[in-house]
Amino acid sequence: MTVGVVLVSHSAAVAEAVAQLAVGLTGGGDVAPVAAAGGTPDGGLGTDAEAIVKAARSVNRGDGVAVLADLGSSVLTVKALLSDEDELPPGTRLLDAPFVEGAVAALVTASAGAGIDAVAAAAEEAYSYRKA
């Protein structure tokens with residue numbers, strides 16, 4: 001079982017950096033597929049629906065795709081894509097989780113072979129991580 005992870009940010013650099021951080025913190029071994037979808041096609045800040053679709057399809061192994069989004073319009077873009085059943089792979093789910101901590105939890109859990117429900121639960125649990 002392999003759940004893919006897509007990180008959607010308004011910034012390509014942020015999406016790529018969070019993906020690299022999450023991969024680095026998986027502890028080695030087999031890492032679940034992860035893709036960053038950030039910024040606009042011209043390199044600006046924003047979200048690009050086509051990039052999100054491409055990223056989701058690239059990590060899809062048939063066991064679900066967990067999508068984490070950073071801010072307002074990136075969330076709205078993913079929701080719009082989810083409303084059209086033909087855009088994203090079956091089993092794609094937008095997770096209600098903090099972007100960085102959720103991404104790490106999702107990728108670590110997916111890399112351990114967990115299903116989409118466990119990946120979603122781990123990412124969403126990241127809201128409870130206390131820093132003080």
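Visitor: What makes the side chains of glutamate 101 and lysine 131 a salt bridge?

Guide: First, a caution: this is a predicted model. Now the distance: N to O, the side chains of glutamate 101 and lysine 131 meet at 2.5 Å. The cut-off is 4 Å between a side-chain nitrogen of Lys or Arg and a carboxyl oxygen of Asp or Glu, so the pair qualifies. The partners come from distant parts of the chain, 30 residues apart. Glutamate 101 is in helix α4 (residues 99-111), and lysine 131 is in the segment after α5.

Visitor: Why is lysine 131 called exposed, and what is glutamate 101 called?

Guide: Lysine 131 has 71% relative accessibility. Exposed means over 50%, so the label holds for lysine 131. Glutamate 101 has a relative accessible area of 23%. Buried would need under 20%, so glutamate 101 counts as partly exposed.

Visitor: How many salt bridges does a search of the whole structure find?

Guide: The search finds 2.

Visitor: What can side chains of opposite charge do when their charged atoms come close?

Guide: They can pair.

Visitor: Let us turn to the sheet. What is the order of its strands?

Guide: The order is β2-β1-β3-β4, in an open sheet of 4 strands with parallel pairing.

Visitor: Why do β2 and β4 stand at the edges?

Guide: β2 (34-38) and β4 (92-94) each have a single partner strand, so one side of each lacks a neighbour in the sheet. Neighbouring strands are turned by 20° against each other on average, direction ignored.

Visitor: How do you know that β1 pairs with β2 and with β3?

Guide: Count the bridges. β1 and β2 run parallel and are joined by 5 bridges. β1 and β3 (residues 65-69) also pair in the parallel sense, over 5 bridges. Pairing requires at least two bridges, so β1 with β2 passes. By that rule β1 with β3 passes too, so both pairings stand. For examples, leucine 7 has alanine 36 in β2 as its bridge partner, and valine 8 stands opposite alanine 69 in β3.

Visitor: Which helices lie on these strands?

Guide: α1 lies across β1 and β2, running at about 160° to β2. Helix α2 (residues 49-59) packs on the sheet and touches β1, β2 and β3. The direction of α2 makes about 180° with that of β2.

Visitor: Is valine 18 buried or exposed?

Guide: Valine 18, in helix α1, is buried: its relative accessible area is 6%, and the limit is under 20%. Leaving aside neighbours within four places in sequence, valine 18 contacts Leu7, Phe99, Val100 and Ala103.

Visitor: Which residues touch the most other members of the largest nonpolar core?

Guide: Val5, Leu7, Leu68 and Val119 do, in a core of 22 residues. β1, α1, β3, α4 and α5 each give two or more residues to this core. α4 gives the most, with 6 residues. A second, separate core has 15 residues, including Val6 and Ala35.

How values were computed: Residues numbered from 1 in each chain as written. Predicted model: local features only at pLDDT ≥ 70, side-chain atom pairs only at ≥ 80, totals over all residues. Heavy atoms only, no water. Axes fitted to C-alpha atoms, helices over the stretch in contact; angles between N-to-C directions. Contact = heavy atoms within 4.5 Å. Buried < 20%, exposed > 50% of the residue type's maximum accessible area, 1.4 Å probe, protein only. Core = buried A, V, L, I, M, F, W, Y, C linked by side-chain atoms within 4.5 Å.
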